[in-house]
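Please keep the sequence and the model in view while reading.

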Amino acid sequence: MKLLTAGRILGTHHLLGAVKVVSGLEELPKLLGSKCMTKLETGENILLTPTKIEHLVGDSWVFQFEEIKNKAEALKLRNALIEVRRDLLGYTEEDIFLSDYIGLLAKEVESKEEIGRVEEIFETAAHPILVIQSEHYETMVPDTPTFVKEVNFETGEIYIELLEGMKEEKRK
């Protein structure tokens, strides 16, 4: 079963180890007491159990985890992704979310040339932006039919039509 990225930990919230989480999902309180996979920036995965989940404002939430006892421990979770089983939130494998794009191999639609992997997605007022990273380039692509031509979850690929200037060389 493919896990759903339920949110990203932005940082700490108060002294007792609570963290601020950004997520577009409204069903997060259903995760109380369930194990959640937390992917740290270092690549390490840890299991955490939410004991308290409160909505703040907009897409912001506060989580308290059973295993995190203080602010120092919570600081280590900064920028971590919270991944959960879809069924815990009432979803199935057929339900598709933007977060499912993370990790897909992006290719140019005409040439099939590899662009990189989708590493991040951020929202703008108009539409989400896919951030695609390769060793030498960063490419930002609006998630619209004009640019995203095909998504194939079976092969783990997303086909993109690029315009000149979208693919930027990374600074060394």
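Strands β12 and β13 run antiparallel and are joined by four bridges. Within this pairing, valine 148 has isoleucine 160 of β13 as its bridge partner. The two strands make up a hairpin, and four residues lie between them. Glycine 156, which is in the turn, has a positive phi of about 75°. These details, like the rest of this report, come from a predicted model.

On its other pairing, β13 (residues 157-160) meets β8 (residues 105-108) in the parallel sense, again with four bridges. Here leucine 105 is found opposite glutamate 157 of β13. As background, the strands of a sheet pair through backbone hydrogen bonds, in either a parallel or an antiparallel manner.

Both pairings belong to an open sheet of seven strands, whose order is β12-β13-β8-β9-β10-β11-β14 and whose pairing is mixed. From one strand to the next, the twist averages 30°.

Attention now turns to the aromatic side chains. The structure contains three aromatic pairs. One of them consists of tyrosine 91 and phenylalanine 97: the ring centres are 4.7 Å apart and the planes stand at 75°, so this pair is edge-to-face. Another is formed by tyrosine 101 and phenylalanine 153, with centres 6.1 Å apart and planes at 40°, so the pair is classed as tilted. Tyrosine 101 lies in the loop between β7 (81-84) and β8, while phenylalanine 153 lies in the loop between β12 and β13; the pair therefore ties together parts that are 52 residues apart in sequence.

The table gives the accessibility of the residues in these pairs.

| Residue | Relative accessible area | Class |
|---|---|---|
| Tyrosine 91 | 17% | buried |
| Phenylalanine 97 | 19% | buried |
| Tyrosine 101 | 11% | buried |
| Phenylalanine 153 | 34% | partly exposed |

The classes follow from the cut-offs, because buried means under 20% relative accessible area and exposed means over 50%, with partly exposed in between. At 19%, phenylalanine 97 therefore counts as buried, whereas phenylalanine 153, at 34%, is partly exposed.

A further contact involves a charged side chain and a ring. Lysine 167 is placed over the face of tyrosine 137, at 4.7 Å from the ring centre.

Key: Residues are numbered from 1 along each chain as its sequence is written. This is a predicted model: local features need pLDDT of at least 70, side-chain atom pairs count only at pLDDT 80 or more; totals for chains, interfaces and linings use all residues. Side-chain values use heavy atoms; hydrogens and water are left out. Two strands pair if DSSP finds at least two bridges between them. Axes are lines fitted to C-alpha atoms, for helices over the stretch in contact, and angles run from 0 to 180 degrees between N-to-C directions. Rings of Phe, Tyr and Trp (its six-membered ring) pair if their centres lie within 6.5 Å; planes under 30 degrees apart count as stacked, over 60 as edge-to-face and the rest as tilted. Buried means under 20% relative accessible area, exposed over 50%, partly exposed in between (1.4 Å probe, protein chains only). A charge sits over a ring if NZ of Lys or CZ of Arg is within 6 Å of the ring centre and within 35 degrees of the ring normal.
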